[in-house]
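Biologist: Could you take me through this model step by step? I have not seen it before.

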Amino acid sequence: MSYYGSTDYSYNSDFNLRVRDIKKGNLDFSWLDNARDTVEIRRRDPRRGLMLEDVEVGDYAVENTPEVVRENRGLAPRGAILAEGSDQPDLGPSLNKKSDVWGYRVQRYWEEAMSRQWNVTTDVPWQDMDRYEISDDLEFAFCQLCTLLSEVEMIATDLPSKWSHHMNSYFQEVKGFIATQCIDEARHAEVFRKRALANGVGLLRASVRGEHALKGILEADSYSEGSVFLHVLGEGFILTLFRSSEFISPTPVEQRMFQLVMQDEARHVSYGLQHLKYLMDNCPEVRPQINGFLDEAERHLTGLFNPDQLESMIVLGGKGTSPECIKRGIEVVGAFQGKQIQEYFHRAERAGLPERKERSPLLELQQRMLGALQSA
Amino acid sequence: MAYYARDDFFNNPEVLDRSVDIFKGNLEIGWKNLDIERVKCRPSDPRRGLTFADTNVGSYGWDQIPEKIRHNYSMAPRGAVQPPGLPHLGYDINRKSEVWADNAPALYEESKARHWIPTREVPWDAVEQIAHSDELERGLAQLYTDLTCMATALGDIPSKWVWHINQELLELKMFQCAQMFDAARLADVSRKRPIAGGTGLGRDHAPLGELLKCVLDSGNFPCASASAHILLAGIMQTLLRHIGACSPNAADQTITRFGIQDVSRSISYGVQHMRYLLNERPHEAASLKGHVDEVENALIGYLASPISFSALALVTAGSREGAADAVPQVTALYRKFTDEHLKRRNAAGIESDASPLQAFVTDLET
């Protein structure tokens with residue numbers, strides 16, 4: 001099962017004539033005779049090189065692209081002269097509405113991602129690990145945390161890649177940004193995996209509840225739903241988790257890891273916010289659909305509060321397993337969990353969904369937990 | 001919402017009770033008593049850092065991935081303990097040989113180590129002071145337009161397949177992410193270059209679209225891999241080399257030098273993937289050979305198309321007037337590409353007795 005082109009050139013007389021013409025030096029330069037006018041661009045800041053925004057002129061600018069792209073069904077970049085009508089093979093892009101994928105500032109996120117790539121193999125100071133003593137309790141706890149993080153990070157390559165090849169090639173910046181996200185997230189899975197294997201323990205237990213949340217992300221009905229679950233809700237929570245994990249990291253080696261992954265994660269969350277904002281600004285009729293989706297997505301996400309993660313973070317936060325350490329760890333993790341939820345509501349509000357705070361089940365969950373704790 | 005978990009964790013009192021219990025200080029710490037393989041992977045060569053090869057040990061390594069993966073359909077990392085109840089994430093590529101190549105982990109490492117930034121590393125000053133003719137610039141712009149489309153296709157192939165691939169094949173999936181990234185970078189620089197050069201992008205044309213559709217619509221991953229990594233990446237490598245050889249502009253030298261090293265990684269993976277696959281499943285060779293022959297048919301449509309051949313002749317000659325005299329040089333370029341391509345097919349185990357490309361170039365030479 002594959003596509004077979006309309007012409008078998010082995011048995012085509014027109015093609016044979018063309019080859020004969022080529023051999024005689026009869027070349028067709030009509031494309032050169034009908035070339036388009038020249039274009040002038042200006043680098044805004046030559047020290048920064050040639051940015052995507054510098055080439056946003058005339059037909060090449062996304063602002064001159066209609067909301068629905070109808071004329072391009074192939075892989076032509078925005079601004080190329082298209083093959084005429086029926087001559088153009090249909091490569092079947094299914095995300096052809098700008099608001100389906102676009103986010104404010106996506107060009108900047110692409111440039112930032114390109115300039116902030118880092119390398120797990122060489123940028124983490126692995127050689128320093130022997131300089132620090134880590135107790136068995138902390139090492140196991142950190143490996144359990146690494147197992148969860150290595151497990152969840154690859155969803156952020158699978159979900160965007162699932163949709164990227166459906167996007168119209170006129171949205172090259174979004175496709176490009178998604179490619180940067182895929183390599184960023186691959187790197188995150190890599191760093192947590194390598195760390196778990198580097199210090200005498202290994203990978204520990206996967207999370208059943210967490211995996212159900214991942215399945216909910218992967219099986220979202222549309223790119224925008226997948227994006228809001230992944231970028232805004234999921235990665236937003238993980239970003240807060242990274243920040244807390246840097247705080248409770250056992251040594252500067254782990255702190256460095258979290259500093260590196262945080263800058264990537266923040267970019268992904270920002271794109272998600274800007275896409276959601278663009279969608280709300282340009283397609284307000286989808287608001288009920290997105291809200292309905294988030295109602296369920298947030299229920300899924302409660303699965304991420306799994307006992308192994310909570311316990312390992314408490315041990316890391318308190319720096320041990322003695323009752324005093326556990327008490328201190330609970331204070332640290334309790335504060336962090338509240339922060340995760342508050343930061344999510346703040347982001348949702350900035351993206352144009354202030355109603356999340358009123359209708360979200362997360363707040364209820366937090367209140368139930370607090371209530372139960374107080375009564376205990 | 002398409003997926004509703006069987007268990008509504010939010011309304012499951014056990015979930016809440018357990019969390020409350022933990023916050024009351026009652027930790028089980030069961031994760032410390034799991035039956036796991038303990039390892040301590042450190043850099044074998046400190047100058048190189050901690051590579052994937054250093055972590056290829058025991059149950060964590062890729063050497064122990066079985067040909068048919070039956071034990072894990074979730075995102076649990078390879079080697080982790082899998083508790084009962086992990087969901088199936090829908091992976092339908094679960095046979096190692098369908099996607100694996102032994103050089104994939106090293107190619108992933110190489111991709112990261114050889115990262116480059118078009119925005120800053122290309123000498124754009126040189127594009128602002130182009131010394132060659134407007135015609136030559138338009139010829140180059142046309143080739144860059146074709147390369148933009150090709151790079152987009154080269155990135156869409158892993159995008160289309162990676163999320164189908166079982167998570168056990170982690171390093172391979174990561175390499176595919178690197179391929180998407182490399183391809184996006186090449187598409188970006190290939191689009192910026194003609195716009196910055198002043199003539200703007202050239203034309204999209206039907207024979208190129210037909211070629212890319214043949215590659216993208218390959219029915220399974222091995223066919224997609226053979227046609228994208230051996231054939232499409234091969235012609236991209238040739239076009240980049242030729243631009244680098246013909247253009248007098250320093251920016252083009254930089255773009256093509258970096259671009260060649262990126263697409264060469266895809267070629268290298270493609271050849272090794274075929275070898276690995278056919279070593280396990282030699283009977284698949286026949287269908288792969290037939291598929292690549294079919295994509296070669298689309299390729300010759302592109303190579304002989306009025307736009308691509310005349311653009312190559314113009315760029316080779318440096319002017320429209322001299323283009324007709326450059327036909328033998330373009331033919332020689334096609335011969336070189338064909339010989340390389342057929343050698344790769346041979347090395348991959350998918351050689352052809354009836355290569356349409358070979359027949360086309362032989363016809364062109366006579």
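Modeller: Let me begin with a pair of helices in chain A. A:Phe177, A:Gln181, A:Asp184, A:His188, A:Val191 and A:Arg195 in helix 8 of chain A meet A:Met257, A:Val261, A:Asp264, A:His268 and A:Tyr271 in helix 11 of chain A. Two residues are in contact if their C-beta atoms, placed from the backbone, lie within 7 Å. Helices (H or I, at least four residues) and strands (E, at least two) are DSSP runs, numbered from the N terminus.

Biologist: How do the residues of that contact of helix 8 with helix 11 of chain A divide?

Modeller: They divide into five nonpolar, three polar and three charged. Here Ala, Val, Leu, Ile, Met, Phe, Trp, Tyr, Cys and Pro count as nonpolar, Asp, Glu, Lys and Arg as charged, and the others, Gly among them, as polar.

Biologist: Before we continue, how should I read the model itself?

Modeller: This is a predicted model, in which local features need pLDDT of at least 70 and side-chain atom pairs count only at pLDDT 80 or more, while totals for chains, interfaces and linings use all residues. Residues are numbered from 1 along each chain as its sequence is written, and chains are lettered from A and ligands numbered from 1 in the order in which they are written.

Biologist: Back to the pair: at what angle do helix 8 and helix 11 of chain A pack?

Modeller: The angle is about 150°, and the axes are 10 Å apart. Axes are lines fitted to C-alpha atoms, for helices over the stretch in contact, and angles run from 0 to 180 degrees between N-to-C directions. The two helices are therefore roughly antiparallel to each other; angles under 35 degrees count as roughly parallel, over 145 as roughly antiparallel, 65 to 115 as roughly perpendicular and the rest as oblique. Their crossing is left-handed, a term for a near helix turned anticlockwise from the far one by less than a right angle, with right-handed used if clockwise.

Biologist: And helix 4 of chain A, why is it largely enclosed?

Modeller: Seven of the ten residues of helix 4 (residues 106-115) of chain A are buried, so the rest of the structure largely encloses this helix. A residue is buried if 20 or more other C-beta atoms lie within 10 Å of its own, exposed if 12 or fewer, and partly exposed in between, with C-beta atoms placed from the backbone. The buried residues include A:Tyr109, A:Trp110 and A:Met114. They pack against helix 8 and helix 11 of chain A, together with helix 4 (118-121) of chain B.

Biologist: How many residues of each chain does the contact take?

Modeller: Chain A contributes 126 residues and chain B 125 residues. On the side of chain A that touches chain B, helix 8 (residues 172-197) gives the most, with twelve residues. That side divides into 59 nonpolar, 38 polar and 29 charged residues.

Biologist: How many helices and strands are there in chain A?

Modeller: Chain A has 16 helices and zero strands, and 54% of its 376 residues count as buried. Its C-alpha trace spans about 90 × 50 × 50 Å along its principal axes. Chain B comes to 14 helices and zero strands, with buried residues making up 58% of its 366 residues.

Biologist: Into which domains is chain B divided?

Modeller: Chain B is divided into domain 1 (9-64) and domain 2 (96-365); the bounds come from an automatic or database domain assignment. The C-alpha centres of these domains of chain B lie 41 Å apart. Four residues of domain 1 are in contact with five residues of domain 2.

Biologist: Which residues does B:Pro87 touch?

Modeller: Not counting residues up to four places away in sequence, B:Pro87 touches A:Glu211, A:His212, A:Lys215 and B:Ser74. B:Pro87 is found in the loop between helix 1 (13-23) and helix 2 (96-99) of chain B. B:Pro87 is partly exposed, with 19 other C-beta atoms within 10 Å.

Biologist: Finally, how do helix 6 and helix 7 of chain B pack?

Modeller: Helix 6 (residues 134-161) and helix 7 (residues 170-197) of chain B pack at an angle of about 160°, with their axes 8 Å apart. That makes helix 6 of chain B roughly antiparallel to helix 7 of chain B. Helix 6 of chain B passes helix 7 of chain B in a left-handed crossing.
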